[in-house]
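Subject: Structure handover

Hello,

Here is the structure you asked about. Please open it first, then read my notes below.

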Amino acid sequence: MPDISSAQIDWDENGQPTSRVYGDVYFSPVSGIAETHHVFIDGNRLPERFAALPAGGRLCIGETGFGTGLNFLCAWQLFEEQAPSDARLHFVSTEKYPVALDDLRRAFALWPELAHLSGQLLEQYVAINPGFQRLVFAGGRVVLTLLVGDVLDTLPELDARIDAWFLDGFSPAKNPEMWNDALYAQLARLSGPGTTIATFTSAGFVRRGLGAAGFKIRRTLGFGKKWEMSQGEFLGVEQPAGKPWYSRPVHPKGPREALVIGGGMAGCASAASLAARGWKVTLIERHAGLAEEASGNPQGVLYLKLSAHGTALSRLIVSGFGHTRRLIQRLQKGEEWSDCGVLQLGFDDAETQRQAKLAEAFPATLLHLLDKAEAESIAGIGLPAGGLFYPEGGWVHPPALCRHLAQHPNIRVLTGEEVRLQREAEGWSAWSGEEELASAPIAILATAAEVRRFAGAESLPMKRIRGQITRVPATAESAALSTVVCAEGYVAPPRHGEHTLGASFEFKRDDTEPSLEEHLGNLDLLAEISTDLSARMHIAQLDPATLQGRAAFRCTTPDYLPLVGPLADREAFAQSYAVLGKDARQVPETPCPWLDGLYLNSAHGSRGLVTAPLAGELLAAWIDGEPLPLPRAVAEACHPNRFFLRDVVRGQKNS
């Protein structure tokens, strides 16, 4: 993972911010808003382009250098004023040194006319950690994707088609590392014919570099005392897609309607992301209500099992954590979620060494080490060791989040229906017995391991792992617990007078009846976390036979990454790409034989609270042709076709 720290800002006597690293101002001291409108808004002809968007249309802005977010706020304000009410704005911006929240608040105070928008950004400006971070505003009508890291690292990972560029890094004289041919090549890669670009600089080497990359650039009148700026448009050709088995399927014809099978976290998130984009969604759940399986626990922990090596799973978790952390703020605090933090104990030497590496790899705002005394002070109880503290973590009531996600006027919920999917000429239909419940061009399977009951997904490698949580009544003494504490298991501060303990990993049982053996196992996990807390809970006086809890099944894959994306016809896939069994380096031009309109959001394991909501955004991006909310390599690592590809390369037959 990249080494990212907050921006180092000096404030002058007039309250204007300057970057200590680059020795340059963030915006014009005369008028930041006027400068933004002159250079970027008018430089990209946004007033007329917003007004000309068709109903349901979309415009995507790319920016190099988010800074204080002023350009985003001005674009958002103009979009609300000019665009159709159902149009959507995507704003993708890079930032190597994110501005700290207090500095952002100080900058926003300079622009009271933007307070109705900047206040919303401040509210969502949490968990801005390395990698891709997605922030959603205006009910999904405005989406901000922050690429936190060096622009030359993050832009090559972006999968998007940009309509207008704001080239707004610090001055080329102050920040020469950014303004180079590698950047211009990425701008061209992400552009299509007619993509516009504007920048405050008129430096000759910038104009020549952009021209060589395919942009037609001209100098125009600059802002204020700056005589000239540059603007232009892309005249090059749109670059071809990469590997066909990871390409975007052709957008389905027909109405913007979708079926989502499964009413847990993955299904509700998938439905919500599509509904926010104007899709009419039928969400079908086999149980009597939503979130009655693995998403039904009373407390789910915003827990991050990370790697210091920047693996696809680790990057997914960091981005997913941020998205979920911002999402749960819409729930009732204290009742449905808490930002109490999460403490991962350094319970042995190997774990302590792992934590030390993580503390070196990630910013302290995401995680930092605590010694035993510090950990006990934060947790409010006695502990056997210190550990790694995630200050922005906490717990959430998953059923409340599922219900919130499903409460969109574009979502129709059908419960108590076990369905089969049938492929039709114009899409998919869901049948219960002989009754057709609904049909749509798009169908999403979000039923954990049960996706293998559906034709096309039978051979995907997935395994179910039973997990059981235990509910223990809180006491006056145990209520002192003030953060989630994890070791091999976890314990959360009380909700509704009960602590949640968990969770077992049982590979042999295939029922969901709570067992005494697993309750006792959870009590043992609690004792490993804190004998002091066990005593405070009066565990020794409890009759184990009276313990309450629930069991459900996690679903995971061999590589522990979820299955998120469009699904191919496996037999046709094997035939189309058989040559890869002889030479895996080839990239045949054969289009992928998709099961048109069929998508998966499944196999999130024990991380569904962190990964499933962002996976809903990823699915919507695949379906609607939007910028992906994750690096392309991470999206490919989660793609269902990865297992079909693996089998072809290994020469394995269909099973």
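Start with one cut-off: a residue counts as buried under 20% relative accessible area, as exposed over 50%, and as partly exposed in between. Keep in mind that this is a predicted model.

**Surface charge**

Take D348. Its relative accessible area is 35%, so D348 is partly exposed. D348 sits in the loop between strand 16 (342-345) and helix 11 (349-361). Together with D349, E488, D524 and E528, D348 forms a negative surface patch.

**Salt bridges**

How many salt bridges does the count come to? The count is 32.

R88 forms a salt bridge with D624, and the closest N and O atoms are 3.4 Å apart. This pair links distant parts of the chain.

E626 lies in the loop between helix 17 and helix 18 (632-637), while R88 lies in strand 5, so the pair ties together parts that are 538 residues apart in sequence. E626 is buried, as is R88.

Now compare R585 and D583. They form a salt bridge too, with the closest N and O atoms 3.2 Å apart. R585 has a relative accessible area of 75%, so R585 is exposed. D583 has 22%, so D583 is partly exposed.

Some bridges share partners. In this way R88, R134, R256, R277, E617, D624 and E626 are joined into one network.

**Aromatic rings**

A search of the whole structure gives 14 aromatic pairs. One of them is F573 with Y577. Their ring centres are 4.9 Å apart, the planes are at 70°, and the pair is edge-to-face. F573 has 0% relative accessibility, so F573 counts as buried. Y577 is buried, also with a relative accessible area of 0%.

Which residues do ring pairs link into a cluster? They are F40, F66, F72, W76, F91, F137 and F166. Look at F91 in this cluster. F91 is found in strand 5 (residues 88-95). Its relative accessibility is 0%, so F91 counts as buried. The C-alpha atoms of F91 and I162 are 9.1 Å apart, although 71 residues separate the two along the chain.

Best wishes

Key: Residues numbered from 1 in each chain as written. Predicted model: local features only at pLDDT ≥ 70, side-chain atom pairs only at ≥ 80, totals over all residues. Heavy atoms only, no water. Patch = residues over 30% accessible without salt bridge, like charges linked within 9 Å, V, L, I, M, F, W, Y side chains within 5 Å. Areas by Shrake-Rupley, 256 points an atom, 1.4 Å probe, with all protein chains shown as cover. Salt bridge = Lys/Arg side-chain N within 4 Å of Asp/Glu carboxyl O. Lys, Arg positive; Asp, Glu negative; His and termini not counted. Charge placed at Lys NZ, Arg CZ, Asp CG, Glu CD. Helix = DSSP H or I, 4+ residues; strand = E, 2+ residues; numbered from the N terminus. Buried < 20%, exposed > 50% of the residue type's maximum accessible area, 1.4 Å probe, protein only. Phe/Tyr/Trp six-rings, centres within 6.5 Å; stacked < 30°, edge-to-face > 60°.
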